Structure formats: C-alpha cells, structure tokens
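Here is a short tour of one protein chain, written for a reader who likes to follow along in the viewer. Please have the sequence and the 3D view open side by side.

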Amino acid sequence: MRSTYGKIWHKHKMPPILLKACGIAPELSAEEKGEETKNSSGTPKHVTHGYHLVEGKTAHAMEDYIVAKTRQVDDSELGLYAIFDGHSGRDVAKYLQKHLFENILSQPDFWTDTKAAIKRAYENTDDEILHEVVGARGGSSAVTAILADKKKLVVANVGDSRAVICNGGVAKPISVDHEPLKEKDEIESRGGCVVKRPGNVPRVDGQLAMARAFGDGKLKKHITSEPDIFIEKINEDTESVILASDGLWKVMSNQEAVDCIKDIDDAKEAAETLVEEALDRGSTDDISCIVIIFQ
C-alpha cells in the first residue's frame with residue numbers, strides 16, 4: 001500500500017516532513033484502517049478514508065488544511081472530515097483545522113438540532129477569527145462532514161470547496177458553491193458589488209471569488225460565513241464521498257471524479273488518483289482531497 005504522503009512530494013510540491021511540521025495534514029489514527037458499519041438491509045459494510053494534498057504552482061505557499069479522523073463522543077462514533085482552503089494567507093485555514101469541529105461538537109443542541117448547532121458554531125468561529133486571528137485580509141473556504149455512527153452524513157460548507165456523494169454510481173453534490181454571481185442580489189443588498197474584469201472570474205467588490213467565507217474582515221459587511229447544510233443517509237447504494245478544494249473541481253465534474261475512482265477500493269489510493277488526475281488536467285492551484293469509501 002502506498003503511503004498517504006507518497007505522492008505529496010511532487011516535482012513542485014512541499015516535502016512530507018514539512019507538511020507534517022506545518023500541521024497541514026493530520027497524523028493517521030488507528031481508526032483510519034477501517035470500520036464496520038451496516039446499511040439499511042443489515043449487511044455489514046466497511047468504511048475507510050484517505051487523503052492527499054499537493055501544493056500548487058502559484059507564488060504563495062500551501063494554504064490548504066484538512067481534518068480526517070474518527071472520534072468517540074458520548075455513545076456515538078463520529079467521522080470528522082474537512083477541507084479548509086485558505087486565501088491571502090494560511091492563518092484562517094489553520095485556525096479552522098484546530099477549532100471548528102470543537103466549536104460544533106460543544107454546542108448544547110448538537111444532537112437535538114444539528115443544523116442550528118452547526119450554523120451557530122460557524123458564526124461563532126468566524127467571530128473568533130475576525131477578533132483574534134486576522135484583520136482586514138485573509139480568509140478561507142470550508143467544507144465539513146460529520147459521519148455519525150456510519151449511518152448519517154451531515155455536510156456544511158461556505159465558499160467553493162465541495163462535497164460529492166456517490167450512490168449507485170451516480171454523483172450528487174451535497175454542498176453549494178457560493179459563487180458571487182449566484183448571490184449578486186444579496187451582496188448588493190448589503191452594499192457590495194460583483195465585478196467581472198476581462199479575463200478574470202466574478203469577484204465580490206472586485207476582490208474575492210466567493211460569496212461566503214471565514215475571515216476577510218474587509219469584506220465582511222458584504223459576505224457571510226453562513227453555511228449551507230445537507231443531511232444524507234448512508235444506505236446500501238452508498239459507494240463513496242469526496243471532499244475536495246476547488247483546485248480539483250476547476251478541472252473535473254462531479255461525475256468525472258466519481259468515475260475516476262469507481263474501481264479503486266483503497267481510499268488513500270483513490271484520493272491520490274483524483275489529485276494526480278487534476279494535475280494531469282492542468283490544475284495549478286493547491287489541491288486537497290479526502291475520499292471516504294463504503295464497501
């Protein structure tokens with residue numbers, strides 16, 4: 001089996017030891033070797049996850065951070081997965097890696113009103129970031145997924161990192177790309193504007209290429225950190241879940257990503273394959289990818 005970090009040291013990439021030292025990629029835990037679960041028919045399923053990150057060819061250092069681990073909370077086993085794609089620095093993404101799940105799980109109504117708890121935790125974490133981490137510049141997108149007792153998946157996101165689930169070979173997005181043009185009316189109602197210059201993508205106030213994000217204090221009056229939230233049941237048709245930063249989604253459709261790994265049983269290998277395919281297709285951005293496989 002190839003190492004999780006086996007391909008991170010690419011010809012233009014950061015070496016594995018530096019990725020670990022920077023805290024960008026978490027250490028593998030024993031639980032990541034696999035877990036038994038059951039689908040709705042009662043047949044045991046095996047759940048594994050793997051991840052892969054590469055630094056892009058842009059002028060800045062790696063700004064992506066991830067979470068990929070399992071954790072026992074009360075009587076439940078939770079799989080915690082997240083992609084944090086920083087911009088204008090790595091401080092916000094790094095803070096999210098350390099604090100966002102802690103803030104979510106500490107909400108008193110997490111088990112009784114999960115959506116409200118996640119929304120509140122996102123808002124509270126953004127307030128912490130704006131007051132303690134960054135000022136006018138620096139932010140991050142986020143997509144988080146919580147797999148509860150291998151039966152239910154709760155996904156939340158702000159920005160353009162995306163989650164996709166595969167049921168019976170068919171890809172289905174379970175997050176929303178918060179693009180400025182899609183939320184133009186809301187941005188303008190807050191006093192902002194969406195500007196598209198020749199040869200560039202639409203940007204909030206001509207600066208930010210997403211309508212929602214953590215941080216970005218200079219633009220906070222015109223954007224939000226309110227997440228969209230999806231809840232999916234895991235059943236006998238569930239084959240995989242992919243979380244990835246926009247460095248992957250800029251060059252691959254949801255169905256192309258699912259098809260790319262349909263014959264791969266090893267989650268780490270699947271994540272590596274997706275990243276390598278994105279590179280082969282010309283992606284120059286940082287790329288982070290987490291794959292969860294149900295067998």
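## Ground rules

This is a predicted model, in which local features need pLDDT of at least 70 and side-chain atom pairs count only at pLDDT 80 or more, while totals for chains, interfaces and linings use all residues. Residues are numbered from 1 along each chain as its sequence is written, and side-chain values use heavy atoms, with hydrogens and water left out.

## The chain as a whole

The chain has 7 helices and 14 strands; these are DSSP runs numbered from the N terminus, with helices being H or I of at least four residues and strands E of at least two. Of its 295 residues, 55% are buried. Here buried means under 20% relative accessible area, exposed over 50%, and partly exposed in between (1.4 Å probe, protein chains only).

The accessible surface comes to about 12700 Å², and carbon and sulfur atoms hold 48% of it (Shrake-Rupley method with a 1.4 Å probe; for residues, only the protein chains shown count as cover). Among contacts (heavy atoms within 4.5 Å) with a separation of 6 or more, 66% join residues 24 or more positions apart.

In soluble globular proteins, nonpolar side chains tend to be buried together. The largest nonpolar core here has 30 residues, and Leu-78, Phe-84, Ile-104, Tyr-122 and Phe-214 have the most contacts inside it. Such a core is a set of buried Ala, Val, Leu, Ile, Met, Phe, Trp, Tyr and Cys residues joined through side-chain atoms within 4.5 Å. At least two residues each come from strand 3 (64-73), strand 4 (76-87), helix 2 (91-105), helix 3 (114-132), strand 5 (139-148) and strand 6 (152-158). Helix 2 gives the largest share, 8 residues.

A second, separate core has 24 residues, including Val-54, Ile-242, Ala-267 and Val-291.

## Helix 2 and its kink

Helix 2 has 15 residues and reaches 22 Å from first C-alpha to last, close to the expected 21 Å (1.5 Å times one less than its number of residues). Look for a kink of about 40 degrees centred on Gln-97; the bend at a residue is the angle between axes fitted to the seven residues ending there and the seven starting there.

Gln-97 is itself one of the buried residues of helix 2, as are Leu-96, Leu-100 and Ile-104. Their cover includes strand 3, strand 4, helix 3, strand 5 and strand 11 (214-215).

## Helix 3, one face inward

Which residues of helix 3 are buried? They are Thr-114, Ala-117, Ile-118, Ala-121, Tyr-122, Thr-125, Asp-126 and Ile-129. Seen down the axis, these buried residues fall within an arc of 165 degrees, so they line one face of helix 3 (the arc is that of the directions from the helix axis to the C-beta atoms). They pack against helix 2, strand 5, strand 6, strand 11 and strand 12 (228-233).

Ala-142 is in strand 5 and counts as buried because its relative accessibility is 0%. Beyond four places in sequence, Ala-142 touches Ile-83, Phe-84, Tyr-122, Ala-156, Asn-157, Val-158 and Phe-214.

Two loop residues are worth a click. Asp-74, between strand 3 and strand 4, has a positive phi of about 55 degrees although it is not a glycine. Lys-150, between strand 5 and strand 6, has a positive phi near 60 degrees. Asp-74 is exposed at 62% relative accessible area, whereas Lys-150 is buried at 18%.
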